[in-house]
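Here's a quick tour of one structure. Have the sequence and the 3D view open while you read.

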Amino acid sequence: MLEVAEKRNKVSVNQSDPLAQELWAKCLARLKTIIPEQEFKNFFLPLRAKSFVGKHLSIFVPSQFFYDKLESDYIDQIAETIEAVIGPDATLEYAIVVDSGDGLSQPLSMVLPGNTTNRHPAVGKPQTTQQEAFSPFYGSALPDSFLHDSNLNSSYTFDNFIEGDYNQFARRFGINISKNPGSTNPFFVYGGVGLGKTHLVQAIGNSIKENFPNLFVLYVSCERFLNQFLDSVSTGKIQQFNKFYNQVDVLILDDVQILKEKEKTQEILFDIFNNLHQRKKQIILTSDCAPKDLKGMHERLKSRFGAGLTVDFLRPDLETRVAIIQHKLQKDGIIIPTEYMEFLARKVDTNLRELEGVIISLVARTTVFNTEVTLDSIKDVIKDIVTDVDDDLTVPSIISMVAEYFKVSEEKIQSPSRLKDIMLPRQVAMYLAKEYTEQSLKYIGEFFGGKDHTTVMHSIRKIKESVKDDAQLKRALEDLGNKLRTKQH
Ligand code: ADP
Ligand code: MG
C-alpha cells in the first residue's frame with residue numbers, strides 16, 4: 001500500500017471546480033465502458049471531482065478502502081482513461097473524505113497520491129543477469145521481486161472473513177491448509193456467485209505467505225491464466241509459461257469453470273497440475289460447480305480436481321449476513337440500528353458481493369454527503385444495486401393475499417378478533433409468512449397486533465394439524481403457496 005501523505009487540507013466536497021467536473025465526467029463515461037457494470041456502480045459512481053490544476057486531476061473518494069481498491073484493482077483502467085481524456089502526462093490524486101463537516105466546519109479530506117504514472121516499474125529495466133527469468137504476469141526479464149509476486153489482494157484475510165454455519169467447515173479447513181500447505185491436495189471450493197470463494201482462497205494464500213515466507217504462493221484467475229497461455233502460444237513462449245508455473249509452491253486457481261471447452265489450456269493445466277501435485281505442492285481451486293459437473297472439462301482433469309477435499313459453499317444464513325454487514329460498517333465507523341441491518345440482510349439474501357455493494361454505497365453517501373442512514377436510503381441503494389429484490393414476499397403482502405383469498409379485510413386479519421372466520425385466515429397468514437419469508441416468529445407476530453412468538457408458533461402448529469384432515473384448507477394452502485412461489489423468482 002502506498003504511504004499515506006501527511007498532508008491534510010480542508011476542502012469542500014460540494015464545491016468542486018467545473019473543469020474538473022467536466023473532465024471527470026468524461027473519464028467516467030469512458031470507464032463505464034471498460035469496467036463491469038456492478039463494479040462501476042460500486043466503486044466509481046461515488047467518486048466526485050475535486051480540482052484540476054496543470055495536468056493534475058484530483059478526486060474525492062469516500063474512504064481509505066476506496067483508495068486501496070482503486071489503486072489495487074483498477075489502476076490500469078484508470079491510468080489509461082486519464083491518459084486518453086487528459087493527455088500523456090496527466091496525473092491523478094485522491095482526496096479521502098475523513099470528516100464530512102457539519103455545516104459549520106468544512107469537510108476534511110486527506111490527500112493521497114495516485115499511481116497512474118510509472119505504474120510498471122519493471123518496464124525499461126536493463127535485461128542483464130535475468131535473461132532466464134520470465135513471468136507471464138509481466139512478460140519479459142524481471143527482477144526476482146516481480147517474478148515471485150503473489151498477485152494476492154492483502155485485504156482478503158481470515159480475520160475479516162466472518163464465520164457462519166454456511167462456511168464454517170470451509171473456513172476452518174482453509175486455516176488448516178494455511179498451516180500445512182500440501183497436506184490436502186487439491187483443495188476444491190465451489191458454490192454460487194458472491195458467496196466468498198475468492199475471499200477464502202485469497203485468505204489462505206495470504207496466511208500461507210505469513211506462515212511460510214519462503215514459499216512462492218501464486219493467485220491467478222483462470223481468465224488470466226487462459227489469456228497468458230494464449231499469449232505464450234502466440235509469442236512462442238509455451239515452455240517458459242510451463243516453467244514459470246512449475247516453480248510455484250502454492251497455486252491458487254480461481255474460477256476454473258472458465259476453462260470449459262478450452263482444450264489446449266486444459267492440457268497445459270493438466271501437466272502443471274500433475275507436476276505440482278507429485279511434488280506435494282499445494283493446489284487450491286474454485287469453481288461455480290462441483291468437479292463432476294464441469295461440462296466441457298476433460299474427464300482426467302475433473303477426476304484430478306475431485307481427488308482431494310471438495311467443499312461447497314451454501315447460501316449464507318441470515319445471522320451471518322447480519323454479522324457481515326455489522327463488520328463492514330464498523331470498519332468504516334458507521335453505526336446503524338440492528339433493525340436496519342436485519343432489513344438489509346433480508347433483502348439481499350444470497351449474493352454477498354451485492355450486499356457489499358449496498359454497504360459501500362451507504363458508506364459513500366454517509367461520508368460524502370454527511371447524511372444518516374435511514375430505511376429509505378437503504379431501500380434506494382438496494383434498488384440501484386440489487387438485481388433481484390423480492391418486494392412481494394413480505395409479511396404485509398402475504399396478509400393482503402390471504403385477505404383477498406378468504407374475502408376478509410386485512411384489518412380484521414390483523415385484529416385480535418376471535419371469530420372463527422377471522423382466526424383461520426389469520427393463522428394461515430402466519431403459517432405462510434413463516435414458510436415464505438424467513439422472518440422470525442417475533443417479527444411476524446408484530447404484524448398481527450403484536451402477538452408474541454408462542455402465539456405465532458401455536459397458530460402455525462394448528463394449521464399443520466388441521467390441514468391433515470381438512471381438504472378445503474389443504475387446497476387453500478396449495479393455491480396460496482403457488483401464488484407465492486411464482487413471486488419468489
Ligand atoms: P465469490 O468468489 O464466491 O463470487 P467473493 O469471495 O468475491 O465471492 O465475495 C464477494 C464479496 O463478499 C467479497 O468482497 C468478500 O470480501 C465478501 N464476503 C464474502 N464472504 C464473506 C464473509 N464470510 N465475511 C466477510 N465478507 C465476505
Ligand atoms: Mg470469485
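A word on pLDDT before anything else: it is the predictor's confidence in each residue, on a scale from 0 to 100. You'll want it here, since this is a predicted model. Averaged over the chain, pLDDT comes to 83, and 85% of the residues score at least 70.

Two stretches call for some care. Across residues 1-13 the pLDDT stays under 50, and the model gives them 39 contacts beyond four places in sequence. Residues 117-131 also have a pLDDT below 50, with 15 contacts in the model beyond near neighbours in sequence. Where pLDDT is low, the predicted coordinates should not be read in detail.

## The parallel sheet

Now for the sheet: 5 strands make up an open one, ordered β7-β8-β9-β6-β10, with parallel pairing. β7 (217-221) and β10 (309-312) sit at the edges with a single partner strand each, so one side of each has no neighbour in the sheet. From one strand to the next, the twist averages 15°.

Take the β7 end. β7 pairs with β8 (residues 250-254) in the parallel sense, over 5 bridges. Look for Val220 there: its bridge partner in β8 is Leu253.

## Two helices on the sheet

Helix α8 (residues 222-234) packs on the sheet and touches β7 and β8, its direction making about 90° with that of β7. Helix α10 (residues 263-278) lies across β8 and β9 (282-287), and runs at about 140° to β9.

How do α8 and α10 pack against each other, and at what angle? The angle is about 100°, and their axes are 10 Å apart. Angles of 65 to 115 degrees count as roughly perpendicular, so that is what α8 and α10 are to each other. On the α8 side, the contact is made by Phe225, Leu226 and Phe229; α10 brings Lys264, Thr265, Ile268, Leu269 and Ile272. By type, the residues of this α8–α10 contact are 6 nonpolar, 1 polar and 1 charged.

## A look at Ile413

Which residues does Ile413 touch, leaving aside neighbours within four places in sequence? They are Ile399, Val402, Ala403, Val408, Ile422, Pro425, Arg426 and Phe448. As for Val428, it is 15 residues from Ile413 in sequence, and the two are 9.9 Å apart in space, C-alpha to C-alpha.

Key: Residues are numbered from 1 along each chain as its sequence is written. Chains are lettered from A and ligands numbered from 1 in the order in which they are written. This is a predicted model: local features need pLDDT of at least 70, side-chain atom pairs count only at pLDDT 80 or more; totals for chains, interfaces and linings use all residues. Side-chain values use heavy atoms; hydrogens and water are left out. Two strands pair if DSSP finds at least two bridges between them. Helices (H or I, at least four residues) and strands (E, at least two) are DSSP runs, numbered from the N terminus. Axes are lines fitted to C-alpha atoms, for helices over the stretch in contact, and angles run from 0 to 180 degrees between N-to-C directions. Contact means heavy atoms within 4.5 Å. Angles under 35 degrees count as roughly parallel, over 145 as roughly antiparallel, 65 to 115 as roughly perpendicular and the rest as oblique. Ala, Val, Leu, Ile, Met, Phe, Trp, Tyr, Cys and Pro count as nonpolar, Asp, Glu, Lys and Arg as charged, and the others, Gly among them, as polar.
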